[in-house]
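Thanks for coming, everyone. I'll go through one structure today, and I'll keep it short. Let me put it on the screen.

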Amino acid sequence: MEKPSVRLCQGVNGLEKFVLREIRGSSAEVYLYGGQVTSWKNDLGEELLFLSNKATFSPPKAVRGGISVCFPQVGTHGALEQHGFARNRMWSIDPAPPPFPPNSTNRTYVDLILNLSEEDPKIWPHSCECRLRVTLGPGGDLLLTSRIRNTNADGKTFSFTLAYHTYFRVTDISEVRVEGLETLDYTDNLLEKERFTEQGDAITFESEVDRVYLGTPTKIAIIDHERKRTFVLRKDGLPDAVVWNPWDKKAKAMADFGDDEYKHMLCVEAAAVEKQITLKAGEEWKGRLELSAVPSSYCSGQLDPQRIFEG
């Protein structure tokens, strides 16, 4: 049995990354570039996140896969570049991170803070602190916590949207279903953001999907039937959920994505998209995402949606 550890080392193209390991053998990797989680493995060493074989670790291009932070804009919902700038800036170790709650123990974590470039105030004229804590729990759960603080000296408010752009590794997309979003309204990005109501008892996949589900519950489940594995998302402060798979035509059009890789990935993203988050000067927003991977034989009803987050 290993000791919990956090190690800073060189990753692809010499970019620095943190490797987090837990006592039972689970692990995660987090790059300072983009503050991006690129790997999350269970105690058997099985990779749980999708990272494209064609992903380029070449700043300023975003890394295709893992979990990136979309901030201060999600998608094309605004005037900035797609998904904002946080995912293609360098982050650094946070010198003054907030403390954990006193009942949090046995956690392996790293605290990062976003470094804005000199050009960023020209495209987004605000001062802010954007913090990210990546935590690996003793059971192998992965927890991301973001804190955004308005530090404008002129007292101005600002608004933003945010998403954890999470690529899950699945065995066969045609054998995957997403539960927890049934009966909800969604906007369809393939149909000019037209609004619909989900009619199915679960979401299944047989063509391209690009939707934003609105007012979603705190818990969403992704069931990989072929692997007999269920991913469980628990979220706080992020009312929406983006569901995306590019399918075959769009996959072939992306230079950093393999032609057939759409079969083995699914993005389900905890997000705040429909309604912008607005902060007055000095105010702070906090959002959290917790990911678990459990055998599908485990009754999803036992996963308490009211479970209290820590950290």
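**A walk from the loops to the core**

Start with Lys193, which is partly exposed, at a relative accessible area of 37%. Keep in mind throughout that this is a predicted model. Lys193 sits in the loop between β12 and β13. Its phi is positive, about 60°, and it is not a glycine. Glu192 belongs to the loop between β12 (185–188) and β13 (194–197) too. Glu192 also has a positive phi, about 55°, again without being a glycine. Is Glu192 buried or exposed? With 78% relative accessibility, Glu192 is exposed, because the cut-off for that class is over 50%.

Now the cis peptide bonds. One runs from Pro59 to Pro60, with omega near 10°. Pro60 is in the loop between β4 (36–41) and β5. Another runs from Phe71 to Pro72, with omega near 0°. Pro72 is in the loop between β5 and β6.

Stay in that stretch for a moment. Arg87 is placed in the loop between β5 (67–70) and β6 (91–93). Is Arg87 buried or exposed? Arg87 has a relative accessible area of 17%, so it counts as buried, the limit being under 20%. Setting aside residues up to four places away in sequence, Arg87 touches Tyr33, Gly34, Gln36, Ala62, Ser68, Val69 and Gln82.

On to the annotated site. Which residues does UniProt mark? The record, an unreviewed entry, gives "active site" at His165 and Glu269. They span 105 residues in sequence, yet no two of their C-alpha atoms are more than 5.2 Å apart, so the positions gather at one spot. The lining of the largest pocket includes both His165 and Glu269.

Take His165 by itself. Strand β10 (residues 158–169) holds it. His165 is buried, at 5% relative accessible area. Beyond its neighbours within four places in sequence, His165 contacts Gly66, Ile67, Ser68, Cys70, His83, Trp244, Cys267 and Glu269.

Glu269 is in strand β18. Glu269 is buried as well, with a relative accessible area of 3%. Residues up to four places away aside, its contacts include Ala163, Tyr164, Asp240, Ala241 and Val242. What joins the side chains of Glu269 and His165? A polar contact of 3.1 Å does.

Next, the nonpolar packing. The largest nonpolar core has 70 residues. Phe71, Leu142, Phe205 and Leu266 have the most contacts inside it. Which strand gives the most to this core? That is β18 (residues 265–279), with eight residues. Apart from this core lies another, of eight residues, among them Val74, Ala163, Ala271 and Val273.

Not counting residues up to four places away in sequence, its partners include Ala28, Val37, Trp40, Ile67 and Val134. Leu289, Glu290 and Leu291 are also among the residues Leu142 touches.

Last stop, the cavities. How many of 30 Å³ or more turn up in the whole structure? The search finds one. The largest cavity has a volume of about 30 Å³. β7 (108–114), β8 (128–136) and β9 (142–150) each give two or more residues to its lining. β8 gives the most, three residues. The lining includes Asp94, Pro98, Asp111, Arg131, Arg133 and Arg147.

To close, back to the site. His165 and Glu269 both carry the UniProt "active site" label, and a 3.1 Å polar contact joins their side chains. Happy to take questions.

Note on methods: Residues are numbered from 1 along each chain as its sequence is written. This is a predicted model: local features need pLDDT of at least 70, side-chain atom pairs count only at pLDDT 80 or more; totals for chains, interfaces and linings use all residues. Side-chain values use heavy atoms; hydrogens and water are left out. A nonpolar core is a set of buried Ala, Val, Leu, Ile, Met, Phe, Trp, Tyr and Cys residues joined through side-chain atoms within 4.5 Å. Buried means under 20% relative accessible area, exposed over 50%, partly exposed in between (1.4 Å probe, protein chains only). Helices (H or I, at least four residues) and strands (E, at least two) are DSSP runs, numbered from the N terminus. Contact means heavy atoms within 4.5 Å. UniProt positions are given in the numbering used here, feature names are shortened, and annotations may be inferred rather than shown by experiment. On a 1 Å grid over the protein atoms alone, a cavity is a set of points where a 1.4 Å probe fits but cannot get out, and a pocket is an open set with protein on both sides within 12 Å along at least five of seven lines; lining residues have an atom within 4 Å of a point. A polar contact is a pair of N or O atoms within 3.5 Å; within protein, one must be able to donate a hydrogen and the other to accept it, and residues adjacent in sequence count only if both atoms are side-chain atoms. Grid points are joined across faces, edges and corners, and a volume is the space filled by probe spheres set on the points.
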